[in-house]
Amino acid sequence: MASVELIKVAKRYGKHAVLHPLDLKIPDGSFTVLVGPSGCGKSTLLRLLAGLDTVSDGDIFIDSQQINNLDPADRDIAMVFQSYALYPHLTVAENLAFHMQVKKVPREEQHGKVQQVARMLGIEPLLRRLPKALSGGQRQRVAMGRAMVRNPRVFLFDEPLSNLDAQLRMELRAEIKSLHQQLKTTTVYVTHDQVEAMTLADQIVVMKEGSIVQQGQPLEIYDRPVNTFVARFIGSPPMNLLNGLTEIRDGVPGVKCGELWFPLPAKWHAAARQQGSSPVTLGIRPHDFMQVAASSQPPATLRLQEITGETSLLHVDWGGFSLHVQFAGRLNNPPGQPLWLEVKAQSLHLFDTASGQRLTENHAGA
């Protein structure tokens with residue numbers, strides 16, 4: 001196990017900056033997930049850690065040792081790629097043992113390590129097969145096993161599940177989490193899938209356009225996104241964002257969004273009063289709506305509903321806004337039917353419209 005630290009690390013190709021100078025601490029034994037849209041720099045950051053690319057500026061440390069100029073083989077890091085990168089002419093057992101053979105590890109030790117890892121991954125019956133005789137999920141398990149036999153200080157995963165179907169992704173996600181809990185090896189995992197990020201990570205690092213936007217524990221980022229980008233990116237279905245104006249009615253601060261009026265809970269009163277009558281963006285998670293029999297708000301109109309079995313996702317028009325609304329269970333509402341909605345006031349989010357940044361909450365008044 002090892003701690004990893006990046007100090008003012010940047011990457012440029014010519015004049016094009018792929019990573020702007022950034023700082024990042026990855027605690028010893030943690031599972032850190034780098035998440036963001038395509039092109040945000042997360043895979044580039046992983047390649048810099050692995051030594052597959054060189055840093056343009058800054059320093060990378062593993063356990064306080066600078067590794068900028070170390071060859072990949074000398075960094076004691078194992079990487080699992082999106083493509084399985086297995087040797088097609090070698091059996092599963094030979095693929096697992098390949099690195100140990102290069103290092104001239106005694107044959108008995110090789111055999112014991114291969115058996116141990118195969119047992120942990122449930123691939124013992126596959127040891128004599130060639131990669132062409134394996135399914136996608138089995139190949140990815142072998143790729144993971146090949147990294148595990150090295151017993152590295154740091155594991156790097158570069159979108160390892162993106163080529164798999166939904167069922168396999170769920171199964172392997174659970175296996176990766178379980179393995180980390182057993183091995184406690186420092187892990188850095190890259191994905192664009194926020195569900196993977198939320199379920200796997202001890203620490204999430206949200207990236208955009210070569211910079212770190214927010215980092216913290218999964219629920220901390222989900223509950224208090226630092227700006228509208230994070231608010232929309234973390235959460236599925238994404239957060240609804242409604243542009244409006246702060247306004248005080250009968251002494252109660254609130255937000256007027258088109259035909260809708262949302263009184264704010266106490267934790268937002270100071271921020272709303274400070275804004276005066278100015279543009280703000282109100283954030284509402286799809287599951288923070290309630291269907292009611294009657295409301296002072298105008299009714300919403302149902303455009304479309306998606307029923308998954310355990311939840312119902314409604315696409316509605318409400319007060320001039322197109323929104324996603326999610327309820328538990330199975331609803332059977334015909335399109336065009338009016339719906340009366342309320343929101344859970346304590347779950348509202350408030351952002352500055354111009355900058356997109358989250359406004360400061362008054363926790364003492366919450």
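Guide: Buried residues make up 48% of the 366 residues in the protein chain, where buried means under 20% relative accessible area, exposed over 50% and partly exposed in between (1.4 Å probe, protein chains only). The model is predicted, so to speak of local features requires pLDDT of at least 70 and side-chain atom pairs count only at pLDDT 80 or more, whereas totals for chains, interfaces and linings use all residues. Residues are numbered from 1 along each chain as its sequence is written, and side-chain values use heavy atoms, with hydrogens and water left out.

The secondary structure of the chain comes to nine helices and 20 strands; these are DSSP runs numbered from the N terminus, helices being H or I of at least four residues and strands E of at least two. The C-alpha atoms fill a box of roughly 80 × 50 × 40 Å along the principal axes. Of the contacts (heavy atoms within 4.5 Å) between residues at least 6 apart in sequence, 67% join residues at least 24 apart. The accessible surface comes to about 17300 Å², and carbon and sulfur atoms contribute 50% of that; the areas come from the Shrake-Rupley method with a 1.4 Å probe, and for residues only the protein chains shown count as cover.

The part to examine is helix α2, residues 92–102. Its buried residues are V92, N95, L96, A97 and M100. An α-helix has 3.6 residues a turn, so residues three or four places apart point the same way. The cover over the buried residues of α2 includes α3 (107–121) and α4 (136–148).

F98 also belongs to α2, but at 30% relative accessibility F98 counts as partly exposed. Apart from residues up to four places away in sequence, F98 touches Y87 and L90. Just after α2, K104 takes a positive phi of about 60°.

Helix α4, one of the covering elements, contains R141. At 12% relative accessibility, R141 counts as buried. Neighbours within four places in sequence aside, R141 is in contact with L121, I123, E171, L172 and E175.

R150 is partly exposed, with a relative accessible area of 29%. Not counting residues up to four places away in sequence, R150 touches I77, A78 and H99. R150 and R107 are 43 residues apart in sequence, and their C-alpha atoms lie 15 Å apart in space.

Strand β7 takes part in an open sheet of six strands in the order β6-β7-β8-β3-β9-β10, with mixed pairing; two strands pair if DSSP finds at least two bridges between them. Its edge strands, β6 (77–80) and β10 (211–216), each pair on one side only. Neighbouring strands of this sheet are turned by 20° against each other on average, direction ignored; for such angles, axes are lines fitted to C-alpha atoms (for helices over the stretch in contact), and values run from 0 to 180 degrees between N-to-C directions. Five bridges join β9 (residues 203–208) to β10, and the two strands run antiparallel. V206 has Q214 in β10 as its bridge partner.

For comparison, there is another open sheet, of five strands in the order β15-β19-β16-β17-β18, with antiparallel pairing. Here β15 (289–292) and β18 (321–328) stand at the edges with a single partner strand each, so one side of each is left without a neighbour in the sheet. The twist averages 45° from one strand to the next. Six bridges join β16 (residues 300–307) to β17 (residues 311–318), which run antiparallel, and I307 stands opposite S312 in β17. Eight bridges join β17 to β18, also antiparallel; the partner of H315 in β18 is H324. Two residues lie between the strands of the β17 and β18 hairpin, in which G319 takes a positive phi near 60°.
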